[in-house]
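Subject: Two-chain model for you

Hello,

Here is the model I promised to pass on.

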Amino acid sequence: MSGHLLQLKNVTRTFGGITAVNDVSLHVDPGEIVSVIGPNGAGKTTLFNLTSGVMPVSSGRILINGTDLSKVPPHQFVTHGIGRTFQNLALFKHGTVVENLLVGRHWRMKTSVLDAVLHFGRARREEIEARERVEEIIEFLEIEAIRDHVVGTLSYGQQKRVELGRALATDPKILLLDEIVAGMNQEETEDIARFILDIRAELGIAILLIEHDMHLVMDISDRVHALNFGTTLTEGRPEEVRSHPKVIEAYLGARAARGGGSGAVAAAGSGGL
Amino acid sequence: MRSGFFKETIVEHIHLTDSRLQRAWILIGLAVLLTAPLWLNFYGLSLVTLMMITAIGAIGLNILTGWTGLISLGQTAFMVLGAYAYAISTETWGWPPLLGFALAGIVPMLASVLIGIPSLRLTGLYLAITTLASSFIVNHLVLEFDGLTNGSSGIFVNRPVIFGYAFNSDASLFYLVAGFGILAILLSLNLRRSRVGRAFFAIRDNDNAARVMGINLSAWKIYAFMVSSFVVGICGALYGIFLSFVTVDGFPFLLSIEALAILIVGGIGSIAGAVLGAIFLVGLPELLGMVFSFFGPEVQSLLATSAHEVKGVLYGLIIIFFLRLQPHGLMGLWSDLKRAWTIWPLRY
C-alpha cells in the first residue's frame, strides 16, 4: 500500500449542492505516466486543484509518499514534491522567462528580507545556485533563445513551455500537467510529448496528465483514469479504457456505445475531444 | 550600432548594472547630483532636496503598490508616523538622530502589520479604501494623544547632528537626503533581484500560481507592507526635518494621491520610474508657475494663494492623462525612445 508516490483515497469535493469530484481514488507510482480523461465538466481540473493544494478536499485523503496532506497549508504542497501547470496559463507575465523559473526555486531558498536587501553572503550564494539550476532547465526545454524575454510577449506555445519549466524548477517528484498541449499544433504537441517522456526518463519524475488529445494520451500513458460528472468510470491500460463501453457512452452517448465500439473513440479522439 | 552586451557567467546576470556604458552614465549622473550645491541657488537646491525626499517615499510605495500590486492610500499615515517617531524621539526624548531615523522606520513598520491585515483578504479598490481610512485614524490618534505629540501645535524639529557634524546648512541637508536616497535606490534594487522581489511580483501577477510555487501569500503580503512602510517612514522623518516642523497639517492626505500619481507617471513597478515620477511631479508646479506668469500677475497669484487646490486638480489631470495615453509612464516612454533610436531608420 505504501509504495505509491501519490495516492488519492475516496476524495470528494462539493461546491454548495454540486459535487464536482465524487469519491475518486487513484494512485501514481514512481516513474509512471497516468492520464485523467473525461468530457468537459467531469471534474478533472478540480481534482488537480485538490491535489496541488489550491482548494481543500471536502472529504477523503491525499497522500504523497504516505504523508497525509490534509494538515499541510496550501503553499507547502510544493515542498512535498507536487509541481503543476495550469489549464489557462498562470505565468507571472511581467517577468522574464528566467525570473518566472526562478520563482519556482522560491521554496528551496532561504534568503530573508534582510539578506536580500544587503545582497551579501547567503543571498548571493543562493541566487547563483538557483540561477545555475534554472539554466539547466532552460537548456533541457530548449528555450535558450527566449530566456530574457518578458513572458507576456511570448507565443502561447512558448508560454506553455515556460510554465512547464517553472514547474520543473520546483524539483517535483510528481508533475501535474493540466491540458498542456491544448491549442497547440501537431509539431508543438509532439515536442511536448517528447519532453514529457524525457522528464520521466532523465529526471525520474512521475506525471499525472489531464488531456483531451487522445492520440497523446494513448501514446504515452501507462494508465488512464476516466472521469464523468466527478465519478470514476474506469481505470486501466490505455487500450482497455478506450474500448470501455462507459467511456464511449460518456463521450458519444448511449447509442454509439452499443453500436460503435473502440473505433468510435479513436475517431472522436482525432476530432480533438 | 551596438547590438547588445553579452554575458558569460551567472554572476554577470545578477549584477545591478548591465554594461560599462551604463556604469559610465550612472557615474556622470552621480557627479552632476553631488555637485548640485555648487551650481544651484538656494531655491533650486531646496527643490532638488524635496524631489529626493519625495522619490524616497515613492520608492517605498512602489514596493507595495508597484511590485506586490496592493494599492495603498495609506502613504500619508506612514509618513506621519515616521515623522512623529523621529520628532518625539530626538526632540522630546533627546535620542541621537540615527536612532531617531531607525525608530522612524520601525514605528510605521509595526503599524503596517495592523494596516496590512485587511490586505490578506482585500485587493484593488477595497484595499485602497481600507488604507485610506488608516490616514484619518492616524491623524486622529496624533491629535488625541497630545501629551506625546503636542496635538495640533506640532513639534519643532532641529537639523540633525550626526557624529558631531551638524547638518545645518542647506547643502549639508541636501547631502544627507542624497545619502538616504542613494541608499533607498540601492537597497530596493537588491530586493528586486532577490527571491523577495520575485515573491512580490509573483503575488501581483498571479497569486494562485505564486501559492502553488510555495509562496506563503499572507506572510509575503505583510512583508511587503513592512518593507514599504519602513522606507516611507524614513521619508516622513526627512520631510519633517525639511519642514523643520512636524504637524498633522504638514502631511495632508494629498501626499497619498501624489505618491500614487508619481508611480503612474513614472511607470508602475519600476524604481527608476518612481524617481523620474517624483522629479516630474515635484517640478511640475514650478513649471506651471512659469507658464502662469505669462498670463500676468493675477493668474500667477492664483497659484500662490490656492497652491493646494491647484495641485490637487493637477495630479488628477496628470493621472488621467498618463493612464489614457502612456500607461507605462515615463519609463515606457523612455524604452520606446531607446528602441526607436536603436533600430532607426527601420520601424521595427
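The buried residues of α2(A) are covered by elements that include α4 and α5 (156–168) of chain A, together with α10 (195–205) of chain B. Helix α2(A) is mostly covered: eight of its eight residues are buried. They are Val97(A), Val98(A), Glu99(A), Asn100(A), Leu101(A), Leu102(A), Val103(A) and Gly104(A). Bear in mind that this is a predicted model.

**The interface**

How many residues of each chain are in contact with the other? On chain A there are 34, and they touch 27 residues of chain B. Three helices of chain A, α2 (97–104), α3 (113–118) and α4 (122–140), each supply at least two residues of the side that touches chain B. The largest share of that side comes from α4(A), with five residues.

**Chain A**

Chain A contains eleven helices and ten strands. Its C-alpha atoms fill a box of roughly 70 × 40 × 35 Å along the principal axes. The radius of gyration is 20 Å; a compact globule of 273 residues would have one near 19 Å, so the two agree. Buried residues account for 43% of the 273. Take the contacts in chain A between residues at least 6 apart in sequence: 64% of them join residues at least 24 apart.

An unreviewed UniProt entry carries the annotation "domain: ABC transporter" for residues 6–254 of chain A. Over that stretch the chain is 37% helix and 24% strand. The end C-alpha atoms of the stretch are 34 Å apart.

Two backbone details in chain A deserve a look. Most residues other than glycine have a negative phi. Glu179(A) has a positive phi, near 50°. Where is Glu179(A) found? It is in the loop between β7 (174–178) and α6 (186–203) of chain A. Phe229(A) is also not a glycine, and its phi is positive at about 50°. Phe229(A) lies in the loop between β9 (223–228) and β10 (231–236) of chain A.

Are these two residues buried or exposed? Glu179(A) has 20 other C-beta atoms within 10 Å, and the cut-off for buried is 20 or more, so Glu179(A) counts as buried. Phe229(A) has 16 other C-beta atoms within 10 Å and is partly exposed.

**Chain B**

Chain B has 17 helices and four strands. Its C-alpha atoms fill a box of roughly 65 × 55 × 45 Å along the principal axes. Among contacts in chain B between residues at least 6 apart in sequence, 76% join residues at least 24 apart.

Start with α4 (residues 42–67) and α12 (residues 217–243) of chain B. Their axes come within 7 Å and cross at roughly 165°. Angles over 145 degrees count as roughly antiparallel, so that is how α4(B) and α12(B) run. Their crossing is left-handed. From α4(B), the residues that meet α12(B) include Leu50(B), Ile53(B), Gly57(B), Gly60(B) and Leu64(B). On the α12(B) side, those that meet α4(B) include Phe225(B), Ser228(B), Val232(B), Cys235(B), Tyr239(B) and Phe242(B).

The second pair is α14 (residues 271–294) and α15 (residues 297–305) of chain B. These helices pack at an angle of about 150°, with their axes 6 Å apart. They are therefore roughly antiparallel to each other. Their crossing is right-handed. Leu288(B), Gly289(B), Phe292(B) and Ser293(B) in α14(B) meet Val299(B), Gln300(B) and Leu303(B) in α15(B).

One last item in chain B is a peptide bond. Most peptide bonds are trans. The bond from Trp344(B) to Pro345(B) is cis, with omega near 5°. Pro345(B) lies in the segment after α17 (329–343) of chain B.

Over to you.

Best wishes

Key
Residues numbered from 1 in each chain as written. Chains lettered and ligands numbered in written order. Predicted model: local features only at pLDDT ≥ 70, side-chain atom pairs only at ≥ 80, totals over all residues. Contact = placed C-beta atoms within 7 Å. UniProt positions renumbered as here; feature names shortened; annotations may be inferred. Axes fitted to C-alpha atoms, helices over the stretch in contact; angles between N-to-C directions. Parallel < 35°, antiparallel > 145°, perpendicular 65-115°, else oblique. Left-handed = near helix turned anticlockwise from the far one by under 90°. Buried ≥ 20, exposed ≤ 12 C-beta atoms within 10 Å, placed from the backbone. Rg over C-alpha atoms; globule rule 2.2 N^0.38 Å.
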